[in-house]
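Student: Could you take me through one part of this model in detail, namely its nonpolar core and the helix packing beside it? Please state the cut-offs behind each term.

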Amino acid sequence: AISFDDVAPSWRERREPWAIELASSAASASRLARLTVELLDVLTLDYRKAAWPAASAFTKLRKQFMDVAEAETEPPLPTKEAGKPLMAAVKELEKVALPPPLESEKALLDSGKAEELELGDVGPELDVGMHCVALDIRLCWCAAVGGAGVAAQRRRQ
C-alpha cells in the first residue's frame with residue numbers, strides 16, 4: 001500500500017479513474033503497462049529513494065514497463081506469451097511494493113500465494129445471485145454477489 005504522502009498531490013483526483021481504467025484494461029498488456037508507468041511517475045522522489053536505493057533500479061523497472069507499453073503489436077489473449085514481459089516487470093515491482101503476506105493471511109490465500117490469472121482472463125463469471133468471497137483491492141474480504149453483468153461487492157461486517 002502506498003500512502004497519499006508518497007504520491008504527487010494530483011493523484012488524489014486521478015486514483016479512482018486510474019483504477020477503473022486499470023480494471024477495464026485486463027486484456028491489454030500495453031495499456032496495463034502504460035497505467036503502471038503513470039503510477040510510477042507520481043511516486044515522490046523520497047519514496048523512490050526509499051524503495052529503490054539505487055536510482056538505476058527504478059529507471060530499469062520503469063523502462064521494462066515502457067517497453068511493454070510501446071510494443072507495436074500484442075499477441076491474442078488470453079495466453080501466457082502475451083503477458084510474459086508485463087508479468088516479469090510486475091514481479092520486479094512486487095518485490096518492492098508488496099510486503100509478504102502475514103502468516104495469518106496465508107491460510108486465507110490457500111497456498112499462501114494469490115491466484116494469478118492469464119493476461120486477459122477476468123476470472124470465473126458470477127451469474128445473477130451467485131455468491132463467492134474475494135479479497136478486494138483494499139485487502140479486505142468481501143462477499144461478491146453476481147448482478148446484471150457486474151459483480152457487486154459488499155464489505156463484510
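Tutor: A nonpolar core is a set of buried Ala, Val, Leu, Ile, Met, Phe, Trp, Tyr and Cys residues joined through side-chain atoms within 4.5 Å, where buried means under 20% relative accessible area with a 1.4 Å probe and protein chains only. The model is predicted, so local features need pLDDT of at least 70 and side-chain atom pairs pLDDT 80 or more, while totals for chains, interfaces and linings use all residues. Residues are numbered from 1 along each chain as its sequence is written, and side-chain values use heavy atoms, without hydrogens and water.

The largest nonpolar core has 23 residues, of which Trp11, Leu40, Leu43, Trp52, Phe65, Leu86 and Leu93 touch the most other members. At least two core residues come from each of helix 1 (11–23), helix 2 (29–42), helix 3 (45–51), helix 4 and helix 5 (80–97); helices are DSSP runs of H or I, at least four residues, numbered from the N terminus. Helix 2 gives the most, 8 residues.

Trp11 is in contact (heavy atoms within 4.5 Å) with Phe4, Trp18, Glu38, Leu39 and Val42, leaving aside residues up to four places away in sequence. Trp11 also belongs to the contact between two helices: with Arg14, Trp18, Glu21 and Leu22 of helix 1, it meets Leu32, Arg34, Leu35, Glu38, Leu39 and Val42 of helix 2. This contact has 7 nonpolar, no polar and 4 charged residues, with Ala, Val, Leu, Ile, Met, Phe, Trp, Tyr, Cys and Pro counted as nonpolar, Asp, Glu, Lys and Arg as charged, and the others, Gly among them, as polar.

Note on methods: Buried means under 20% relative accessible area, exposed over 50%, partly exposed in between (1.4 Å probe, protein chains only).
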